[in-house]
Each structure stands twice: as structure tokens, then as C-alpha cells.
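Dear colleague,

Please find below the structure that I am handing over to you.

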Amino acid sequence: MEETASREIMWNIDHSLTWIMYLSFLVALGFCVYFLVKRWRLMSIGAPVDRTSNWKQRLKGMVLDALLQLRVLKKPGAGVMHLGMYVGMIIMVIATVVTAAQSDLGFQLIYGDFYLYFMSLVVDLAGLAFCIAMVACIVRRCVNKKLDTKPGDIIVLVLLLVIGLSGFVVEGLRIVGTDDPWRAWSPIGNMVSMLFVNFTPEQISMTHQIVWWSHMAIAFSLIAYWMYSKLVHVLLMPADVWCRSLEPKGTLPYINVEDENLTTMGVGQLEDFTWKDLLDAEACVRCGRCEDVCPAFNTGKALSPKNMVQSLRSELEVRGPIVWKAQHDGAKRDDMGAYVTAEGEPYPFSEQQQVTLDRTLVGDAFDSQALWDCTTCGACMAACPTLIEHTPKIVKMRTYQVSMESAFPPEAQATFRNLENNGNPWGLGWQTRAKWTEGLDVPTLAENPDAEYLYWPGCSGAFDARSRKVSIALVGLLKKAGVNFAILGNEEKCCGDSARRMGNEFVYYMLASENIATMQAYGVKKIIVQCPHCMQTLSRDYPQLGGNFEVIHHSQLLAQLVHEGKLQCSAAGDKKIAVHDSCYLGRYQDEYEAPRAVVSAAGATVVEFERSHEKSFCCGAGGGRMWLEDKSGKRMGDERAKQALDTACDEVATSCPFCLTMLADGMAACESETKVRDIAEILAQVQ
Ligand code: SF4
Ligand code: SF4
């Protein structure tokens, strides 16, 4: 009868000593639990937020982003390396659990095909992939000076590699010591066993015991150290992915400015952040992917999204325990932000603790210039494998600075004043908003109350000389296609995008609530916008104030009209046009194809930037940066113009008035004649 494939479990190990192994394991677990309790306490100082409901959607995200590592794999080299470690580690842990189940719980699992195919072949190959990935990772960390590598990171990798290699040595010694007839199914262990063929049985037995116990000791030490090292992301990353925001992309937290009990707005101190924001800080793996794609960082400005998250983490380390203790003792912050006991007495902090508490979040913990460098382009969030939410944190800190401290760049003052007084950032007379329509026969909603669409040109489309040409081109196309539309005319006000993203929630609220009331009075249902920032605000911000409208970007409507045959190209073109993806249309609204469809419909050949679609490089005007000076580094628009010239295109197509301005300025700075036009202008020219 043919022998069933198997092996002796715990060969050469005294079973009566396995209690040492389990005791070590429990001690190591104790360290993990202690860490978890400490971390949970720190995070619990944050403000409440619901990030656990809708488990089905959260589970789906976990499977895709944590289990299958889809976001990690977006960076092919590092992603594959990480996958090797991850899959190798999971398989080896499963094999260890199966071995323990047979050895100590009496399950009979390790025999036959399962033994040969999984426990021998698959586990061996997984171990090999794990070791190769570890070596690659150590070399990369030692060679690539751009990586944020700390000594502890290397120590952990070396320990993991030693665990992997010593596992093979243990296997090789067992194979040669037992003259294993199934050795061919463990190809790596079999190769390692060749090293010991000349050992005497005693030498094999002794070496095996030494390496086996060393392997265990290192493994348990690593489990104990796990939570204190970068490896903690194995736990925190899935937790962060599970607790991600399920709201539409770019949604900012709602603030009820009419609430009489509202005493503060935004984030002024660390504990004003939500616990999820603090979990983000803990979960960051310092991979630097956010920094690599950040246009502010890449143009030499003070902002690095990675450093911002790390600054919050450092602040949590020093401030967190002090605040937790005070909160735990029932202390609360008074209107001045000082902690007082339940009796209203100042909480008795030590002098040193008070010095720590007196640190400001913006200024001491986080660079105040960096706060204003962000364009809220969302590239960092799209790149982050841990789904950390950088932009809302920046806007929340700005909100506090503006609303509570009146601390903002001086040039923002004029913008806020202009928005308040005239409903547009330039401060041009509100009663001249509809001047661009003169001679165009564009009806207002008062004149055409049955219009299917409200056309919303936005402040740029109404006041900016360059963008007015886009509005005029679009009106011509809408008329040609027979679209029934009307405008609000002088009743329209700035949507409030810049105000909100610069942190001025009051001015945003004033503008938004007036616009919503006006549109609701006219019974508006559908809105055409040509500005992705207006689109984001009207479709994602206004519902928080009760304004629910169907918002369509002009690229989407034009692509649809072309598809329906209502707009056609009358002239064959031979131009190569580079399509620049607006951050707010692409990354926030997930629209990449419509602008390309319009450019193609105009008879042009679409050429792509090296950084396009989700990786598009911001023009530099979002997040209110349109109205602020560039105080340091290069201008992002100039950088993007250079990237456009690298494509050897004849022309650049934009679908956002801010991008149009910034790229045209960038072309001028590059002393290039290359035209920058909106997609509506490009299509209108061939009608
Ligand atoms: S939103 Fe854009 S500019 Fe702001 S930190 Fe992220 S990548 Fe940088
Ligand atoms: S925030 Fe995200 S992308 Fe940036 S370093 Fe941390 S984990 Fe990496």
C-alpha cells in the first residue's frame, strides 16, 4: 500500500517544553493589547463621528483596498514588493496555525495532498517570495534616500527576513534529519538541506533545536514589538479603510452656523479633530505617496501632506495623554478653550503639561504657511493607500483660523469682502453680472420660467474677460442644440466654493443660502455649470443646506448632445490637443471621458499628459488659491504648462475656468504661443 504523505510535527522538539512557546506568545500578545489600549485612549480624545454604519459598503472597501491591496498596487514596483511580503506572510501564518492545531489540539490536517500541495509546495514558495520581497525592501530603503526610513523600519525588516530564512534552515535540517521522502515538494527547504548533508545526526539535532528556538524567540519578540513599529499598519490600515468616509468625494463636514450654541468652528486644537482624523494620523505608514503627487510639495512650497499627518501624530503623542487624563477626570473645555473641572475650577495641570497644552496646532505643531499652500486638489487622498483624508483636515484647520482667529493671508481679506459686498471675488458690481449676455438673447429664469436647465456661468464665466468667451461659446452651442435653458442673471451669486475652502464658513453660508433660496423660488431642478468648483459646491455642499439639484458639467452635456447628433463637427481637424484634467471634475466628480469626447468630436486627436486622469497635476487655483499670492516655490500653472509642452501638443484643452487662466498664464511664462482653450470654444469653432 502506498504511504500517505505527511511529516512528523514538532520533530526533534521536546513537546513538554511547548508551554514556553505559548507563554511567550501570551506575553507578546499582552504587549499588543497594552499598545491597543494606549492608542485607543489617545484616539478617544477626538470628536465623535459616525464611521461604522453601512457595514456592507465598508466590507467591500476592506476587501478591495485592504485585502486585495488594490490601492497599494497602484505603484507597480513597491506594490508588487509589498504584495510578496503580504501574501507570503499570510500563507506562513496560516501554515503556523494549522501546525499548532495538529500539534496541540489534535486535529489531523497535515497529510496527503493538503500536506504536499499546500503545507509543502505553496508554503515553501510563499516563504521564498517573502524573503525576496524582504531583501528588495531592505535594499530599496538603504539605497533610496528619498524614502522616509527610520532605523526601526530597517530593524523590523531584518528581523522578518531572519524569521523567513531561519524557517528554511529549520525545514532543511528536518528534511536531512528525517531523510524526508517527500522532500521534493519543499524545493527551497530541500535545497537548504544540502548544506547539512555532512552533519552527524547529533550535529543536525543540536543545530535544529538551536535554530528552532531562536526562530521562535525572534518571532515572539517581533509580535511584542509589532505594535510599536511600522508594522502596526497591518492592523491600523484595515481599520482606517473600514472607517473611511462613505460620503461623496470632497464632501466637507457640515457646520450649522445658525446654531445658537455654536461656540467654535473648525479645528483649533488636536482634540477638535474627530477620532477618525486621529486614527488617520496613527495609520500613516510614511510611504510618501501623497507627497510624491502633491503639486504644492513638488513646486517647492512648505506643504507636504505626509509631514502634515506626521505632525498631527507627533502632537497626539505629546498632547494626547495629557488631554485624555483631563477628559477621563471629567474636565471639559470652557469657552476660552481651557480645561475646567466639573466644578468649574481650572484643571490642575502641571507646569510642564500646561506648556504642552499652550502649543498652538497651527503655528507650533503645523506650519501656518503650509496650511495655505494647499489647493485641495485631492491628489494626496487619491494616492494614499491608507485612505487618509488630508484635505478635510486642512479645510477644518483653515476654518478655525479664519472664523475664530481671523488669521489668514492678507490678500484673502479683499476676497472675503468682495464676496460679501458684491457676491463675486473680484468685487465687481453685482448688478453687472449679466452684462456678458448683452446682444446674445439669453433669457433669465424670470423670462423663461419653463426652462429645462438653469445655466450657471459662475463668477468667472460672468466677470472674467477670458472666461466670458467660454460662456458665449457655450450659449451658442446650447442654442444650436435646441437646449431650453435660462440664467439667473444678476440674481446669481458666487457659489461659495472659494469662501468655504478658504475656511470662511459664514460667507459661504450667506452666499449658498441666498442662491438656494433663489433657485428654489424658481423651482430649479437641473443646472449646467462650466466650472467644476461650482459643480462640486452645488452638487455636494448645497444638499447640506437643503439645496438638492441635478448638476451637469458642460463637458458632460456637450458630449451627450454630440452623442445624440444635436451637435456635429463640420470641419475635419488635424490638431493634437492635450486634455488637462481639472482636479474637481476628475478626482472629485470622477469625470474624465466627457472632455476627451468633446475634443474628439471637434475632430482633434487627444494627447495625454504624462500625469493625466486621477494623477493629473493641479493648475494651482483650487481651494481658494486663485485669490492668494504664491509666496514660495514655483507657480503650479507654469509647471503644468511645461508638462503640456512636453506632450508636443498643438493646443491645450481645459474644462475649468481656473485651469484656463492658470495654464494660459503658464504658457505666457514659458514664452510659448501654444493656445489654451476651453472645450466649449474648441467645439464651437468647428460648428
Ligand atoms: S490636496 Fe493637493 S495640494 Fe493639498 S495636500 Fe493634497 S495633494 Fe497637496
Ligand atoms: S498619508 Fe497616506 S500616502 Fe501619505 S505617507 Fe501617510 S500613508 Fe503614505
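The model is predicted: local features need pLDDT of at least 70, side-chain atom pairs count only at pLDDT 80 or more, and totals for chains, interfaces and linings use all residues. Residues are numbered from 1 along each chain as its sequence is written, while chains are lettered from A and ligands numbered from 1 in the order in which they are written.

Ligand shells

Ligand 1 is surrounded by 16 residues, the closest being Cys294, Cys374, Cys377, Ala379 and Cys380 (a residue is near a molecule if its C-beta atom, placed from the backbone, lies within 6 Å of it). Two or more residues of this shell come from each of α11 (295–298), α15 (379–383) and α16 (390–403); helices are DSSP runs of H or I with at least four residues, strands are runs of E with at least two, and both are numbered from the N terminus. By class, the shell around ligand 1 holds 11 nonpolar, five polar and no charged residues (Ala, Val, Leu, Ile, Met, Phe, Trp, Tyr, Cys and Pro count as nonpolar, Asp, Glu, Lys and Arg as charged, and the others, Gly among them, as polar).

Around ligand 2 there are 14 residues, and Cys284, Cys287, Cys290, Lys306 and Cys384 are the closest. The elements giving two or more residues to this shell are α10 (289–293) and α12 (305–328), and α12 gives the most, with three residues. The shell around ligand 2 comprises nine nonpolar, two polar and three charged residues.

Helix α3

Helix α3 (residues 76–105) has 30 residues and reaches 42 Å from its first C-alpha to its last, close to the 44 Å expected at 1.5 Å a residue (1.5 Å times one less than the number of residues). Just after α3, Gly106 takes a positive phi of about 85 degrees.

Strand pairings

An open sheet of four strands runs in the order β4-β3-β5-β6, with parallel pairing (strands pair if DSSP finds at least two bridges between them). β4 (485–486) and β6 (550–553) stand at the edges with a single partner strand each, so one side of each has no neighbour in the sheet. Strands β3 (residues 453–456) and β5 (residues 526–529) pair over four bridges in the parallel sense, and Trp456 stands opposite Val529 in β5.

Yours sincerely
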